[in-house]
Amino acid sequence: MSGPKAYGGARAKRGSLATADQSVMENARGQSPAARLKMVIRGAVQGVGFRPFIYRLAAELGLNGWVNNTARGVFVEVEGTREKLEQFLLRVEREKPAISFIQSLESSFADPVGYVGFEIRKSEGGEKTALVMPDVATCPECLREILDPENRRFGYPFTNCTNCGPRYSIIESLPYDRPRTTMKKFTMCAECAREYADPANRRFHAQPNACPECGPQLQLWSMDGAVLALKIDALEEAASAIRQGMIVGVKGLGGFHLMVDARNKQAVRNLRERKHREEKPFALMVPSVEEILRECELTPLEERLLRSPESPIVLVRRRDSVSQLASSVAPGNPMLGVMVPYTPLHHLLMRLLGFPVIATSGNLSDEPICTDEVEALERLRGIADLLLVHDRPILRHVDDSIVRVMAGREMVMRRARGFAPLPVMLDEEMPSVLGVGAHQKNTIALAVGRQVFLSQHIGDLETEQASAAFERVIESLQNLYEAKPKALACDLHPNYISTEYADRVSKNPIRVQHHYAHVLGCMAENGVKAPALGVAWDGSGWGPDGTVWGGEFLKIDECGFTRAARLRPMQLAGSERAVREPRRCGLSALREALGEQALERDEFHPVRAFTPAERKIVVQMLRQGLNSPWTSSAGRLFDAVASLIGIHQIARYEGQAAMELEWLAVRSNDEGVYNFALRADVGDAPAELDWRPMVCGILADVERNAPPEAMAKRFHNTLAEMIARVAAAAGLPVLLSGGCFQNRLLTELTVARLEADCIKVYWHQRVPPNDGGIALGQVVAAARQLRLEESARERKCV
Ligand SMILES: [Zn+2]
Ligand SMILES: [Zn+2]
Ligand SMILES: [Zn+2]
C-alpha cells in the first residue's frame with residue numbers, strides 16, 4: 001500500500017478520542033443570531049438598484065450583514081434567525097427591482113460571525129475572471145413572446161435573450177462570443193442583428209440570439225434517420241406520438257430526454273424494459289408548478305427551487321390522494337423527482353401535452369446522456385420510437401440537476417444544468433490543482449485562486465462512453481480557463497478509471513483517501529477549519545490498509561487525518577454481488593451476531609431468502625473468506641438491516657434497500673433506539689461501533705411482529721445515536737458526508753441529535769454528499785499536501 005504521503009501527509013494511525021468539553025459550542029450563547037445566510041447572485045443585477053433593494057429588505061427584516069458588487073456577481077451575507085433568513089431568501093426573488101433579472105442564485109448557510117448593522121460595501125474591482133454561466137431556464141419575457149400569436153417568435157422553440165438560454169452547453173471557448181459557440185453556423189437575419197446591436201434591447205449581445213427566419217429548427221426523425229416532419233409539424237407529431245404511448249427521444253438543452261406519458265402504464269413498462277431499468281424511479285416533467293401541486297406537497301423552499309432559473313429536478317413528497325400517474329413511475333416511493341419546462345421547446349411541447357411526462361436521460365442505464373442526433377440513432381435504437389431533434393449542436397452534455405431540501409436548506413445531489421460550471425468559493429487561495437474524482441457519479445474539479453470549478457455530473461465510469469466523456473470534460477474545463485494545473489489529485493483506489501487516467505498523464509499524482517476527500521469537501525464548502533470530526537458514510541472506498549472502508553469517523557487535523565472510529569466490519573460474500581443482494585449482507589450480519597448455527601434457522605428473513613443450496617455456498621464463502629472481503633461500509637449495514645427486517649433481499653438499483661428503509665421509517669414516530677456498543681481504541685485499531693446488539697434487537701422485534709416502519713425508524717434513530725456517541729467523545733465540530741447522507745431522515749435526525757448535545761454540525765449544501773463531491777475534496781487535500789511540502793522545503797533551507 002502507499003505510504004503516508006499518499007493520503008495527505010498523515011498516517012491513518014490509532015484514533016484517539018478526546019473528551020468532550022469543547023462540545024459546548026457557541027450556539028448556546030444566548031441572544032446571538034442562529035445562522036448566517038450567504039448568497040451569490042448573478043445576472044442583470046448590477047447597476048439596477050439591486051444593492052439598495054437588498055439593504056432595504058435586510059433592514060425591514062432586522063438582519064445584519066453586508067452586500068457588495070464584484071466582477072463575479074453580487075455577494076450578500078445576512079445574519080438572523082432561521083425563519084427570517086428563509087423569508088429573506090424567498091423575498092429577494094419575489095420583490096427584486098423590476099428591471100433586474102436573476103440568472104443564478106446560490107445560497108448556503110454558515111455560522112454567524114456577529115455582524116453589527118447592515119452595510120453596502122465598496123464595490124470590488126479586482127480581476128475580472130471571466131465566468132462561464134450555466135444554462136439558464138427560459139425567462140418570463142421570452143415565454144410571453146413564444147405564446148403571443150402577434151410576435152415574430154410565436155411558437156419558436158429556440159427563443160432566448162441575455163437573461164436566459166443556453167450557455168455552458170454551447171460555449172467552445174472564451175471570451176463568450178457567437179463565433180466561439182455552436183451558434184456560429186447560424187447567420188443572424190437583419191431583424192435579429194438589429195436586436196443584437198441595440199443597447200436598449202433585451203437581446204443586446206445575446207450570443208445565441210435566433211428567430212424562425214435564421215435560427216435552429218426542429219425535425220422529427222424515424223429511428224432509421226428518415227425526416228418525417230419539420231418545424232411546428234415535427235413538434236405536433238412528437239406530441240401526438242407521446243399521447244399515443246410512444247417513447248420519443250427529445251434533443252433538449254444538454255442532451256436527449258426519453259419522454260413518455262407518465263399516466264400510461266404500458267408506455268412506462270415499455271420504457272423500463274427497453275432501458276433495462278427495472279424499478280429505479282423516473283423523474284417527471286410537469287407542465288407547471290400548479291400541476292405539481294396536484295400530486296405533491298411543496299414547501300416554500302421547494303417551490304422556489306422549482307421556479308428558479310436553475311430549474312432543477314426537485315425531490316418532493318407525494319400527496320396521499322389518488323394519483324393520475326402510473327404506479328411504475330416510482331414504485332413504492334413516497335417521493336417524486338419533478339421539474340417544470342426550462343427551454344422554449346419544453347414549454348411548447350408540455351403545453352401541447354398538458355399532462356406529466358417521464359423525462360429521463362437519453363441513454364442506456366449508467367451511460368452518459370446522448371447529445372448528438374446521429375449518435376442517437378445508434379444509441380437510442382431499440383429504446384426510442386421517434387426522435388425530435390434540432391440542428392443546434394450541443395457541445396457539452398449537461399444532465400438535469402437534482403436537489404432536495406434537507407434540514408431547511410438546499411442540498412444539491414446531482415450538480416449539472418443550472419449550476420455547472422459555477423465555482424465553489426473557498427476561504428483561501430489554492431494552488432492550481434485538478435481533481436479527477438472517484439468512480440461513481442464522477443465529476444472533476446479545477447482549482448483556480450479561491451475558486452474551485454466543479455464540472456457537471458459525468459456519471460459512473462463503467463462504460464467506454466463514460467470514460468470518453470470524462471476525458472473530454474477534463475480537457476474542455478482546462479481549456480475554458482486556460483489552466484495548467486501543477487498537480488493532479490485522484491482516489492487511492494488503484495483500479496478506478498479516474499486513477500488510471502491520473503497515473504497515465506502524471507508522474508506522481510497525489511492519491512487521496514476516499515473518505516478523507518468526502519470530509520474535506522464538506523469542510524471546504526462550509527468554511528470549517530481543522531480540527532474537526534468527519535463522519536463519512538457511504539457504500540465503499542479504498543482504505544489505506546487495503547480494506548474496504550465506508551462507515552468512517554475521521555479526525556481531521558492541519559496535515560491529514562486519523563481514523564478515530566469505524567463501524568464494525570462485516571464480510572461481503574461474493575464481493576460485488578453482495579452489493580446487489582442485501583440478503584448476502586443480512587446473512588453475514590446474522591453470522592456475526594449469532595454465530596453460524598443461526599444460518600440454519602429459517603425464521604430469519606435472510607436465511608429464507610436463499611435456497612438451501614445457494615445458502616450453503618454463501619456460508620462456505622464466509623467461513624473460508626473466499627471472495628468475501630471485510631468492510632466497515634455503512635451502506636452495507638443498511639442493506640443488512642433491510643434484509644433482516646425482510647423488506648428487501650435483491651436490489652434492482654444502487655441504494656435501493658437504503659432508500660426503502662428511509663421511506664418506511666418516515667411513516668413512523670417511534671423513538672426507540674437499539675442497543676449497540678462503542679469499543680474504545682485498542683492498540684493500533686480505531687474505536688469500533690459494534691452493531692451486533694442492534695441486530696439482536698431487530699431480530700427480537702421481527703419475532704414479535706413489530707411493524708417494519710417502527711423497526712426502520714429505530715434503526716435510523718440508532719445510527720444518529722451512534723454518531724452522537726462518537727462525537728461526544730471527540731468533542732469536535734462534526735461534518736456529515738458520503739452517500740448515506742442523501743438520506744434526509746438520517747441527516748435530519750443526526751443534526752437534531754448533535755444540536756441537542758450542543759455539538760456544531762455541518763452537512764452538504766452546494767456540493768453533493770455522494771461521490772459527485774469527491775473531486776472538490778481531492779483538490780483541497782492536494783493543496784494541503786503541497787503546502788506541507790512547501791513548508792518542509794523552507795525548513796530545510798533555514
Ligand atoms: Zn429570455
Ligand atoms: Zn433572425
Ligand atoms: Zn463515497
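Is His514 buried or exposed? In this predicted model, His514 has a relative accessible area of 0% and is therefore buried, the cut-off for that class being under 20%. Asp538 likewise counts as buried, at 4% relative accessibility.

Both residues belong to the zinc site. The protein donors of the zinc ion (ligand 3) are His514 and His518, each through NE2, together with Asp538 and Asp771, each through OD, at 2.1 to 2.2 Å from the ion. Along the chain, these donors follow the spacing H-x3-H-x19-D-x232-D. Distant parts of the chain are linked by the pair of His514, in helix α13 (residues 514-526), and Asp538, in strand β23 (residues 532-542), which are 24 residues apart. The arrangement around the zinc ion (ligand 3) is irregular because the four donor atoms subtend angles of 89 to 166°, whereas a tetrahedral assignment would require all angles to lie between 85 and 135 degrees.

Helix α13, which carries His514, lies across strands β18, β21 (487-491) and β22, and runs at about 90° to β22. An open sheet of five strands, in the order β18-β20-β19-β21-β22, shows mixed pairing; its edge strands, each pairing on one side only, are β18 (423-430) and β22 (510-512). Neighbouring strands of this sheet are turned against each other by 30° on average, when direction is ignored. Within the sheet, strand β19 (residues 433-435) and strand β20 (residues 445-454) run antiparallel and are joined by two bridges, with Gly435 standing opposite Ala445 in β20.

Methods:
Residues are numbered from 1 along each chain as its sequence is written. Chains are lettered from A and ligands numbered from 1 in the order in which they are written. This is a predicted model: local features need pLDDT of at least 70, side-chain atom pairs count only at pLDDT 80 or more; totals for chains, interfaces and linings use all residues. Side-chain values use heavy atoms; hydrogens and water are left out. Donors are N, O and S atoms within 2.8 Å of the metal (3.2 Å for Na, K and Ca); water is not among the atoms, so sites may look incomplete. Four donors count as tetrahedral if all angles lie between 85 and 135 degrees; four count as square planar and six as octahedral if opposite donors are over 155 degrees apart and all others between 65 and 115; anything else is irregular. Helices (H or I, at least four residues) and strands (E, at least two) are DSSP runs, numbered from the N terminus. Buried means under 20% relative accessible area, exposed over 50%, partly exposed in between (1.4 Å probe, protein chains only). Two strands pair if DSSP finds at least two bridges between them. Axes are lines fitted to C-alpha atoms, for helices over the stretch in contact, and angles run from 0 to 180 degrees between N-to-C directions. Contact means heavy atoms within 4.5 Å.
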